[in-house]
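Work through these exercises with the model open beside you. Try each task before you read its solution.

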Amino acid sequence: MEIRELEIRIFKRPTPAHFKLLLTADPSKKIVAAYLERSTCFEARRGHELIGVFILLATRPETVELVNIAVAARFQGQGVGTHLVKAALQWAQHKGYQVVEIGTGTTSFQQLALYQKCGFRVVGVDPDFFTRNYQEPIIENKLRLRDMLRLRKYLA
């Protein structure tokens, strides 16, 4: 797929298709619904087909967090995730944010590599974040997810 074919735009009301994608990155519909209300939501489409989503939430003055990013399974591994992260960074910079943060699981190896390739650096660990905030255990890469890594990128 050609990345240039993607149209990235803000959406206001999540559809079931949006939720399906969002829940692949965050399995709690309750948590997703709570941050959607306070966030700027973006979708990536090729024609009428929903390819990916990302959600940005202002957390502090001059700081925004990329709280969810997801790409439809059949489009993964084709550079779409990188394109979405870069689009999020460009939007944040255009809006005057100085810092973009991301939280990801310690077992989210592919996502961690993606974020670091996009210039994010690990700045901390939130121990037991996923065991405290999610009722059901999350298994990723055959490991139980417990801790969240916090990453940050300063925009120049």
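**Exercise 1. Count the disulfides in the whole structure.**

Step 1. Take the rule: a disulfide is a pair of cysteine sulfur atoms within 2.5 Å. Step 2. Search the whole structure: zero disulfides are found. Step 3. Know your source. This is a predicted model, where local features need pLDDT of at least 70, side-chain atom pairs count only at pLDDT 80 or more, and totals for chains, interfaces and linings use all residues. Residues are numbered from 1 along each chain as its sequence is written, and side-chain values use heavy atoms, with hydrogens and water left out.

**Exercise 2. Decide whether Cys 41 is buried or exposed.**

Step 1. Buried means under 20% relative accessible area, exposed over 50%, partly exposed in between (1.4 Å probe, protein chains only). Step 2. Cys 41 has a relative accessible area of 4%, so Cys 41 is buried. Step 3. Cys 118 comes out at 8%, so Cys 118 is buried as well.

**Exercise 3. Describe the lining of the second largest pocket by class.**

Step 1. On a 1 Å grid over the protein atoms alone, a pocket is an open set of points where a 1.4 Å probe fits, with protein on both sides within 12 Å along at least five of seven lines; lining residues have an atom within 4 Å of a point. Step 2. Lining residues here include Pro 27, Lys 30 and Tyr 134. Step 3. Ala, Val, Leu, Ile, Met, Phe, Trp, Tyr, Cys and Pro count as nonpolar, Asp, Glu, Lys and Arg as charged, and the others, Gly among them, as polar. Step 4. The lining has four nonpolar, three polar and two charged residues.
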